Amino acid sequence: MTSASTTRRVALLTAGAALAAPWLPRPARAAGNVNAVLESEVVILDPHVTTAAITRSFATHVFDTLFAMDGQGVIKPQMAEAWETSPDGLTWTFRLRDGLRWHDGAPVTAADCVASLERWAPRDSLGRMLWAAKSEVTAMDARSFRIALTKPFPLMLDVLGKPNAPLPVMLPERLARTPGDQRIREIIGSGPFRFRAADWRPGNVMVLERFPDYRSREEPADFLAGGRHVKVDTVTWRVMPDQATGATALIAGEIDYMQYLPFDWIARLERTRGVRLLGLGGIQQFLGNFRLNHAFPPFDDPAVRRVMWKLVDQTAILTAIGIPERFRAPPCPSFLMCGGPFSSTAGQEAMRLNVAEARQMLRATSYRGQPVIFLTVSESISQTAARVAIASMQEAGFTVDEQVMDWGTVLARRGRREGWSAFAVYANGTDMLSPLTNFYVSNTCADYPGWDCDPRVKAAIEAFAAAPDGAGRQRAAAEIQALCVDHVPSVMWGQFTIPAGYRDRLRNLPQSSYPIFWEVEA
């Protein structure tokens with residue numbers, strides 16, 4: 001039996017105005033409340049049905065997981081108290097910590113966990129790998145359950161503690177029995193914060209309150225692992241019409257935290273008394289991608305997709321966005337994050353910017369002028385990235401139809417196989433640095449927006465997971481990189497840091513690119 005204090009190194013998931021806008025309600029300045037503006041509004045509350053980072057942020061506060069990753073990339077127990085593995089590696093037994101409760105007061109049981117895993121796994125790339133090796137999952141008693149396998153699956157804890165959306169969070173059994181293609185009707189978790197449904201005003205405000213019956217771990221908080229002691233009464237997530245309004249509110253003290261600062265406000269914010277910036281490098285950076293739709297013309301033709309490598313200038317894009325040099329990485333050809341453990345330059349020769357060559361390549365394809373429907377988020381840095389690329393695409397001979405909308409609408413549109421060709425997005429490095437979690441690598445041949453399928457990539461991912469050592473994983477990662485350059489599930493547009501801003505009245509703010517509000521004092 002492995003003790004709750006035992007850890008295991010993760011091999012694969014290494015890890016200026018004086019007044020605010022007049023419409024903004026002036027929040028109470030009680031010490032027990034934090035007013036925050038996150039990357040976008042939380043539109044989807046069901047943590048199992050989307051890879052959207054904003055839903056993950058919601059889920060980390062309201063729900064909990066069996067295991068979790070710390071800041072050094074180590075998977076540690078969270079809801080789990082202990083676990084053991086049979087000598088043949090075919091049976092894993094888990095025991096929950098005592099005293100865990102749902103927000104409605106009911107105890108957390110092993111049956112809840114079994115139902116939650118059964119709902120989550122088919123919706124997640126790593127979950128599907130686990131389920132392919134699964135024989136059965138059964139509750140043994142109120143606090144213990146067993147996962148029986150048909151073949152050894154050494155990535156078990158890596159999967160159950162992964163920090164990538166959709167998170168493997170636990171739900172009450174009655175909610176976990178909701179089919180994966182439907183959304184849960186109640187938001188009942190067991191996390192440190194409770195969702196106050198009566199105070200939710202879509203388009204305006206969401207309130208999370210401290211869950212008084214949350215049983216925190218005793219270890220120090222460390223990224224998503226360890227203790228989650230809530231030291232404020234409420235966290236209010238406010239929706240702003242644009243980043244400038246959010247930055248103005250931060251300067252005026254109307255909000256306490258802003259997840260993504262606009263780059264053209266950084267110099268001003270750095271000079272503002274009472275405002276501090278949090279900018280992290282390494283795997284806490286972001287990687288931008290243009291996701292291509294393989295199920296809809298013209299990017300259903302791989303030859304057309306390959307033209308895109310010649311049209312994306314990462315330096316020009318990051319410059320147009322206004323990202324200062326200290327917050328950006330040099331041009332990065334790696335699907336798996338430059339500077340990450342599996343970074344690779346394989347295939348980079350095909351990525352060199354050359355509009356004239358792109359024009360010739362495009363003429364040799366099936367493309368005959370049909371519009372490329374490019375979805376962009378209004379007034380976002382991803383829209384700027386897209387517009388730089390669109391200019392090059394038009395110069396090369398593409399007809400481009402940019403359709404501007406909010407992020408929630410992009411999420412809805414991208415779920416359909418038809419009616420879009422590409423969208424611009426960026427994601428946390430913790431999501432992108434492994435072929436097992438990178439959205440646009442790991443989801444090949446899966447029911448995932450973009451619908452790319454390359455059996456070669458799928459086989460290489462399986463080889464990566466089965467590799468016995470780091471050298472084997474590096475070789476598999478390089479093969480995956482080369483195959484993806486040929487297959488083009490997406491095109492990278494840059495690696496960079498987006499600093500957060502916060503008022504200095506907040507103390508003990510976790511140093512993370514994820515917004516985290518446990519341990520915070522106000």
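When the bonded cysteines of the protein are numbered in sequence order, they pair as 1-2, 3-4. The structure is a predicted model, in which local features need pLDDT of at least 70 and side-chain atom pairs count only at pLDDT 80 or more, while totals for chains, interfaces and linings use all residues. Residues are numbered from 1 along each chain as its sequence is written, and side-chain values use heavy atoms, with hydrogens and water left out. A search of the whole structure finds two disulfides, a disulfide being a pair of cysteine sulfur atoms within 2.5 Å.

The link of Cys 332 and Cys 338 is right-handed, with 100° about the S-S bond. Cys 332 is buried at a relative accessible area of 2%, whereas Cys 338 is partly exposed at 25%. Here buried means under 20% relative accessible area, exposed means over 50%, and partly exposed lies in between (1.4 Å probe, protein chains only). Another disulfide is formed by Cys 445 and Cys 453, whose sulfur atoms are 2.0 Å apart. The torsion about the S-S bond of Cys 445 and Cys 453 is about 90°, so this disulfide is right-handed. Cys 445 counts as partly exposed at 30% relative accessibility, and Cys 453 counts as partly exposed at 45%.

## Cys 484 and Cys 113

Cys 484 is in no disulfide; the nearest cysteine sulfur, that of Cys 445, lies 11 Å away. Cys 484 counts as buried, at 1% relative accessibility. Cys 113 also counts as buried, at 0% relative accessibility.

Two packed helices are described by the angle between their axes and the distance between the axes. In this report, helices (H or I, at least four residues) and strands (E, at least two) are DSSP runs, numbered from the N terminus. Axes are lines fitted to C-alpha atoms, for helices over the stretch in contact, and angles run from 0 to 180 degrees between N-to-C directions.

Helix H9 (residues 314–321) and helix H11 (residues 381–396) have axes that come within 9 Å and cross at roughly 135°. H9 and H11 are therefore oblique to each other; angles under 35 degrees count as roughly parallel, over 145 as roughly antiparallel, 65 to 115 as roughly perpendicular and the rest as oblique. The crossing of H9 and H11 is right-handed, a crossing being left-handed if the near helix is turned anticlockwise from the far one by less than a right angle, and right-handed if clockwise. In H9, Ala 316, Ile 317, Ala 320 and Ile 321 meet Ile 381, Thr 384, Ala 385 and Val 388 of H11. The residues of this contact of H9 with H11 comprise seven nonpolar, one polar and no charged. Ala, Val, Leu, Ile, Met, Phe, Trp, Tyr, Cys and Pro count as nonpolar, Asp, Glu, Lys and Arg as charged, and the others, Gly among them, as polar.

## Packing of H10 and H11

Helix H10 (residues 355–363) packs with H11 at an angle of about 55°, and their axes are 8 Å apart. That angle makes H10 oblique to H11. H10 passes H11 in a right-handed crossing.

Val 355, Ala 358, Arg 359 and Leu 362 of H10 make the contact with Ser 392, Glu 395 and Ala 396 of H11. The residues of the contact of H10 with H11 divide into four nonpolar, one polar and two charged.

Phe 193 lies in strand E9 (residues 193–195) and is buried, with a relative accessible area of 0%. Phe 193 and His 103 are 90 residues apart in sequence and 8.8 Å apart in space, C-alpha to C-alpha. Neighbours within four places in sequence being left aside, Phe 193 is in contact (heavy atoms within 4.5 Å) with residues including His 61, Val 62, His 103, Leu 208, Phe 211, Val 232, Phe 517 and Trp 518.

Helix H1 (residues 53–62) is mostly covered, with nine of its 10 residues buried. Among the buried residues of H1 are His 61 and Val 62. The cover of the buried residues of H1 includes E9, strand E10 (205–210), strand E11 (234–238), strand E17 (422–428) and helix H13 (429–432).

In helix H6 (residues 243–252), seven of the 10 residues are buried, so H6 is largely enclosed by the rest of the structure. The buried residues of H6 are Thr 245, Gly 246, Ala 247, Thr 248, Ala 249, Leu 250 and Ile 251. They pack against strand E12 (257–258), helix H7 (266–271), strand E13 (275–278) and strand E19 (500–503).
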